[in-house]
Amino acid sequence: MRQSRRSRFGDLIRAAGPSDRRRFLADLWTARGWETTVEGSVVVARRGDRTERLAVVSRSRLRPSPTVPAEATVVVALGDPERTRRAAPDDARVLSVDEFYDLVRYGLPAGRGDDLVADHFGVRLDDLPADDRGVGARGADEAGGAVVSPLSRRLSSLPVAPLVFVALLLAAVVVTAGPGGVPVLGEALGGHGSSTPTPAATTPEPTPTPEPRAVAPGVTTAGVENATRLAAAHRRAAANRSYRWTLGYRESIAGDETGREVEVVRVEAPQVYVSEVRRTGRLRAFPRPTASEDSYADGTTRYARRPAEPDGVAARVLDPDVRDGPGRQASRAARYLDWYLSTDETSVTRVESVTNETAESGTALYRVRGLGTDFPRSRDYRVEAVVEESGFVRSMRVAYETRDGLGVEVWFAYDAVGGTTVTRPAWLDRADGSTGGRTVVPTNASG
């Protein structure tokens, strides 16, 4: 049976990672005329003297009730709206997925909601199948995502009397179940009953589940609670260290490698670094996390190796306003962590044996594993990362498959932490000793 537009829209929202949902929510409210910012787990929307705090709450397999931010005033419930409403603040407005779809589809000027969905998830609502028969436009959403089985529909079509008989028959079978769980027909229905008394069932005492304990910013013993917060902590930690950062990207078809790209970045200070990229084979997907060009920054100017330029080099003066910030490389890593670790299903375990020689003595490390995906057009998504208590992510590895069968692996790792220096690359020097290249002073550059 084809999926309806509403149910497919719900699938897109549920498959997205928490940070992607917040960005979509912020853009939706911006399109409605509000000024929005993402602050932690909520989107703050302001218009005139009004302020709304928006949150998207997903279903949880580990907790009976969803976790709703205490400050939220508008909550989008991806699971059971009634359960979310009970967990939400008393004055919060709770939207089901069905109501959220209506807001996107009909609460904006014609076509704007369609554009928003396409920008964030790569597919337009108009390209999805129209609502059809079966579960239909509202059936699955209003049932909390559950689909009524064919057996239930057949039973619901029976007359009342046969249904009562079926119910009595089932009750008699259950009540007169014999030893070992073997059903015995009750005496009321012509059976002989069991002469052996059924032992009383003993219910073991439930083991209390310990409350999640924070192990790093945005990470608890239950999993990654806030990938954006973890990414920000990593950015701050990376800005205060020198290091060598190796990033890898690989594509394959049916397990056979078709191309790879490896970038090695040496960072001495936030605005002093050198990056070298090596490629083999042919790569199809774009954009990729690895850089597209070799580069070097000396603290005031960033040089890029570009054969198309007159001297083979392009130079850009770093914006003074960002020189004291975390730097280009720390910000890149934070962006990737926010992307790849924004999964709903994660687990965290303590790393008992440390093989990374650069890990300082006594530093607690935790291994994060995630399944699912914040890439709507991928499948078999897996991610694993090693995280310090400070939020510094030592390493990460991601693997998934695109919808057209392309296997993708992404990985990065840090080493030589605290002991990396940078030297001027040879490609920057011309034969006559000058640096060459064209210097551009941008109005708004980044480090």
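A nonpolar core is a set of buried Ala, Val, Leu, Ile, Met, Phe, Trp, Tyr and Cys residues joined through side-chain atoms within 4.5 Å. The model described here is a predicted one.

**Cores**

The largest nonpolar core has 44 residues. Those that touch the most other members are Val219, Trp245, Leu341, Met396, Val398, Phe412 and Tyr414. Helix α10, residues 328–340, gives the most to this core, with six residues. Another core lies apart from it and holds 27 residues, including Ala45, Leu54, Phe100 and Val117.

Which residues does Trp245 touch, leaving aside those up to four places away in sequence? They are Glu263, Val264, Val265, Gln329, Arg332, Ala333, Tyr336, Phe412, Ala413 and Tyr414.

**Strands**

| Strand pair | Sense | Bridges |
|---|---|---|
| β2 (residues 42–47) and β3 (residues 50–57) | antiparallel | five |
| β3 and β4 (residues 74–77) | parallel | four |
| β7 (residues 219–220) and β8 | antiparallel | two |

β2 and β3 form a hairpin, with two residues between them. In the turn, Gly48 has a positive phi of about 65°. Arg46 has Thr51 in β3 as its bridge partner.

Thr220 has Gly223 in β8 as its bridge partner.

Note on methods:
Residues numbered from 1 in each chain as written. Predicted model: local features only at pLDDT ≥ 70, side-chain atom pairs only at ≥ 80, totals over all residues. Heavy atoms only, no water. Pairing = 2+ DSSP bridges. Buried < 20%, exposed > 50% of the residue type's maximum accessible area, 1.4 Å probe, protein only. Contact = heavy atoms within 4.5 Å.
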